[in-house]
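The paragraphs that follow walk through a protein chain and its ligand, beginning with the domains and ending with the sheet. Please keep the sequence and the model at hand while reading.

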Amino acid sequence: MKYQVFARKWRPKNFNEVIGQKYIIKAISNSLKLNRIHQAWILYGTRGIGKTTIARILSKCLNCKKKITDIPCQKCNSCLEIEKNCSPDLIEIDAASKTKIEDIKELLENSKYPPIKERFKIYLIDEIHMLSRYSFNALLKTLEEPPKHVKFILATTNIEKLPKTIISRCLRLNLTTISEKKIENNIKKILKKEKINFEKNTLNLISLSADGSMRDALSITEQAISLGNGKIKNSYVKKMLGIFKYKNFINLLQSIFDQNIKKILFFSEKILSLDVEPDRILVELLRLLHYLHILKIYSIQWKSKIYNNQQKKILKKISKKNSYSDIKNYYSILLNGRKNINLSPSKKIGMELALLNTLNIKK
Ligand SMILES: Nc1ncnc2c1ncn2[C@@H]1O[C@H](COP(=O)(O)OP(=O)(O)OP(=O)(O)O)[C@@H](O)[C@H]1O
Ligand SMILES: [Mg+2]
Ligand SMILES: [Zn+2]
């Protein structure tokens with residue numbers, strides 16, 4: 001059998017297999033059960049948390065041969081074709097590559113014809129925020145009153161870029177990132193089914209670094225499996241995720257609090273020489289500052305799985321010695337630096353400048 005990456009192989013086929021997103025699924029299920037079916041939905045949220053997955057399940061719900069349902073049968077032709085990505089009446093469009101007004105006009109023209117063989121003709125438009133202004137305008141009227149046989153499911157990672165007029169014509173569904181615990185449990189379940197062994201503590205490291213995205217978690221897991229030659233080993237995962245570099249991140253953080261320019265440049269160079277991306281340096285510093293932030297407010301030893309006990313001690317010291325407003329300021333300076341990193345002549349320069357900007361604030 002052809003090898004399929006985990007993320008595709010383990011895409012939930014039904015709502016009950018979707019992890020998290022409880023309220024959205026409830027809202028969709030209820031409206032299906034009550035037969036109060038919208039003409040357009042918009043799913044939004046960050047990468048890899050289930051937008052395309054939910055859109056495909058919803059399409060099955062709408063077009064299942066048995067009836068409109070919140071539990072598609074998975075057996076009829078319609079369900080199977082959607083599963084295999086070959087249903088003629090589920091038209092998936094990547095708006096990022098079809099931004100032009102001609103593309104949308106063609107789509108709208110075609111939408112007038114009835115579905116080929118199913119109940120509805122469903123347009124699943126991904127990254128909808130990429131459309132041009134003219135395209136949005138062209139879409140508005142049809143979105144408001146589509147032909148009876150047409151449904152729109154829109155997905156975006158960037159709802160701020162969408163005109164309000166578009167949003168207000170759809171049922172809005174806001175997907176949230178997935179908790180570490182839920183990610184960890186899901187990986188565990190999948191590994192069991194795949195009969196792949198893993199060492200203790202590896203899965204929580206993976207789910208932590210996935211940052212709420214199930215797809216990222218699955219692809220990190222797969223990388224770890226190939227590195228460990230079929231087994232997930234602690235040492236490899238740690239290496240892969242750059243955990244051994246934490247000492248250097250903490251040293252860099254310390255030099256920022258010490259306002260020591262020489263050391264700041266020294267440690268940032270050192271981390272770069274370990275093949276860490278400039279952006280990642282800022283991310284790790286932000287993570288550390290967030291940790292300090294919490295220590296400062298609650299002065300509790302917050303359970304962190306990334307930092308070891310010795311590192312936690314150092315962090316506690318730093319938090320004691322420095323003011324809350326410094327911690328907050330550094331956070332916002334580095335965050336700003338991260339926002340602008342792509343505009344800088346190079347990412348390295350962007351990162352360094354962000355670090356150096358922390359120097360001014362005490363003057
Ligand atoms: N909520 C979830 N429950 C279970 N698995 C999930 C979930 N979200 C994502 N996944 C896994 O990640 C893969 C990718 O998810 P999906 O394509 O739905 O993400 P997306 O939100 O559309 O991301 P993108 O914005 O990058 O398109 C799925 O095939 C599935 O394996
Ligand atoms: Mg998607
Ligand atoms: Zn069916």
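Between domain 1 and domain 2, the C-alpha centres are 31 Å apart, where the domain bounds come from an automatic or database domain assignment. Their contact draws on nine residues of domain 1 and twelve residues of domain 2, two residues being in contact if their C-beta atoms, placed from the backbone, lie within 7 Å. On the side of domain 1 that touches domain 2, five residues are nonpolar, three polar and one charged; here Ala, Val, Leu, Ile, Met, Phe, Trp, Tyr, Cys and Pro count as nonpolar, Asp, Glu, Lys and Arg as charged, and the others, Gly among them, as polar. The assignment as a whole gives domain 1 (6-174), domain 2 (180-240) and domain 3 (243-360).

The model is predicted, so local features need pLDDT of at least 70 and side-chain atom pairs count only at pLDDT 80 or more, while totals for chains, interfaces and linings use all residues. Residues are numbered from 1 along each chain as its sequence is written, and chains are lettered from A and ligands numbered from 1 in the order in which they are written. The protein chain has an average pLDDT of 91, with 96% of the residues scoring at least 70; pLDDT is the predictor's confidence in each residue, from 0 to 100.

Where does ligand 1 lie? Both domain 1 and domain 2 give residues to the shell around ligand 1, so ligand 1 lies between them. The ligand is surrounded by 21 residues, the closest being Arg11, Gly50, Lys51, Thr52 and Thr53 (a residue is near a molecule or strand if its C-beta atom, placed from the backbone, lies within 6 Å of it). Nine residues of this shell are nonpolar, seven polar and five charged. At least two residues of the shell come from each of helix 1 (6-9), helix 3 (51-63) and helix 10 (214-227); helices (H or I, at least four residues) and strands (E, at least two) are DSSP runs, numbered from the N terminus.

Five strands form an open sheet with parallel pairing, in the order 2-3-4-1-5, and two strands pair if DSSP finds at least two bridges between them. At the edges are strand 2 (90-94) and strand 5 (171-174), each pairing on one side only.
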